[in-house]
Amino acid sequence: MAEDLVLDTAIRDWVLIPLTVVMILIGILRYFVSKLMRSQQNPDAKVVREGQVVIRARNLRAGANFIPSKSFRARRAHFSNEENGLLHVPKGQGQNPQAQMFSDPNMAMDMMKKNLSMIIPQTLTFAWVNFFFSGFVAAKIPFPLTQRFRSMLQNGIDLSTVDVSYVSSRSWYFLNLFGLRGLFSLILGEENAMDDTQRMMQMSGFGMDPTKVGIFKSVSNRDDSLEVASGLLNLLSTGPRFAMLAVTLLLSLGHSIGLLFFTTLEMSLACLGV
Amino acid sequence: MVTKTEETQLNRLESQVDNGGGGAWEYLCMVRKLKVRRSVKVLKHGLLILNDSKKRSSLGPEEWTLYEQVAVAAMDCQSLEVAKDCANALQKKFPESKRVGRLEAMLLEAKGSWGEAEKAYSSLLEDNPFDQVVHKRRVALAKAQGNLTGAIDLLNKYLETFMADHDAWRELAEIYISLQMYKQAAFCYEELILSQPTVPLYHLAYADVLYTLGGIENLLTAKKYYSSTIDLTGGKNTRALFGICLCTSAIAQLSKGRNKEDKDSPDLQSLATAALEREYKQRASDKLSVFTSGFKSLKVSS
């Protein structure tokens, strides 16, 4: 029966603790190695510019009602005309960041470095754990769990009769691999700890930089939304609104409200009619 | 932008530090974070920390940040010896650093050796063409030499890439105004209004530029922007109130005899005048007569 399982203290001393310590040390080592290998990345002029263009276009869209419509139209033409507008992306070009990525050897190199610093230690430790500590129970968690957790906690043991709260050594390795992020952020500082799961995601996305894709998408989006904004602009022209606001404000500050009330009413109706 | 709470906090810390209450390092950190210019204080309190080896070493690696901060503050105060010492200490610690190189170029600039500073900045830019601080320093260098058109060229080149940098737009607008190139300045202020639509100062400056440009269309727009300034400041901006009055009378002058479709102007002007009058009564009652006589002439012309 499961309750009868007594774990040797030697397992704690020679498996559980060493495994944890090794995982932590490897994490730290990997951090320093990746720091060494990280090449000084000079941002591409085009990328920097594109980011700034997007910010400016967003401002233009958000603040369209704050500038005279003539100025807005001039800017819109500058941003999104068909021939050489800043936001205009020629068809078939720039839409495919993946293709662009492969054409840039630097990026591929970076990606490989990133992946190497992750894959090599991971395979090595996994092989090491597999070789020395496979197939036995290393720890017991102090609360019961449902059967579903068996595959997570008892990787490497094919016994369905063992209680789920026992953790096999290989599962302990996986738990450490994914669970040490908090500890790393304590040791190496908040932003330095790179999550393994994050790395995995990056790898599955094949090192695609999410920000980069975002820029391309937003460039084409802005292009459309500026067109939409110009339609709205005709409805909300800048002038009368400002004047009316100022008048009402000054009125509320002043004391001659009674006298001017009717004229303001008339005026505001006229403004609304515009 | 420095918010009001941050400013009061900073001022409180400053008076505390000035009166020997401690917290000098916190004060310096805050100055750095808010990017405010209080060079005299920074120099004084920063040097006190730097000269005390026990306090200095307790900062750990932050010590070098303090060296940089004090160096820049010292340049601002023309204590070039101090700045030089700080730069040398940093140079010893980080011999290859670009940041120290920038500091040394700034030191050259502070000394007034423009040519050498320019050379240093250019070589820094060759290494890293995206160093915004160096770009801005070059503009400042051109401006310091009185070469305003050069500064405009540099700023334009900078803004071609970093077009979302509103501080640069503002600087450009001010240079354009000093050269009386109002159309260009108006463009810059439009850009500033776009990036920060709720800052009344930009609305006000834009209105000023439009008023200066003249012409009925610009005057009408200027009035709108004076109105928006009044709206944004809660009616507290005297300059905007005056602007409304001036705009109205100028518009009336230009469109004399023509049928006006702009109905709200008399109201707005009388309201603005009333607000100004009230303000004068409260704050400077002895100047009230000057104000009323001045406004009479304005009304006569309208």
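Mentor: Happy to! In chain B, α10(B) passes α11(B) in a left-handed crossing, where left-handed means the near helix is turned anticlockwise from the far one by less than a right angle, and right-handed means clockwise. Helices here are DSSP runs of H or I with at least four residues, strands are E runs of at least two, and both are numbered from the N terminus. Bear in mind that this is a predicted model, where local features need pLDDT of at least 70, side-chain atom pairs count only at pLDDT 80 or more, and totals for chains, interfaces and linings use all residues. Residues are numbered from 1 along each chain as its sequence is written, while chains are lettered from A and ligands numbered from 1 in the order in which they are written.

Trainee: At what angle do the axes of α10(B) and α11(B) cross?
Mentor: Roughly 150°, and the axes come within 10 Å. Axes are lines fitted to C-alpha atoms, for helices over the stretch in contact, with angles from 0 to 180 degrees between N-to-C directions. The two helices are therefore roughly antiparallel to each other; that label is for angles over 145 degrees, with under 35 roughly parallel, 65 to 115 roughly perpendicular and the rest oblique.

Trainee: Which residues of α10(B) make the contact?
Mentor: They are L148(B), A151(B), I152(B), L155(B), Y158(B) and L159(B). Contact means C-beta atoms, placed from the backbone, within 7 Å. On the α11(B) side, the residues include W169(B) and L172(B).

Trainee: New topic: how many helices and strands are in chain B?
Mentor: There are 17 helices and zero strands.

Trainee: And what does α5(B) look like?
Mentor: α5(B) covers residues 62–76 and reaches 21 Å from its first C-alpha to its last. Its buried residues include L66(B), V70(B) and A71(B); buried means 20 or more other C-beta atoms within 10 Å of a residue's own, exposed means 12 or fewer, and partly exposed is in between.

Trainee: What covers those buried residues of α5(B)?
Mentor: The cover includes α2, α3, α6 and α7 of chain B. Just after α5(B), Q78(B) takes a positive phi of about 60°.

Trainee: Which residues touch the most other members of the largest nonpolar core?
Mentor: V70(B), A71(B), L172(B), C188(B), Y189(B) and Y206(B), out of 88 residues. Such a core is a set of buried Ala, Val, Leu, Ile, Met, Phe, Trp, Tyr and Cys residues joined through C-beta atoms within 7 Å. Helix α12 of chain B gives the most to this core, with nine residues.

Key. Expected span 1.5 Å × (residues − 1). Contact = placed C-beta atoms within 7 Å.
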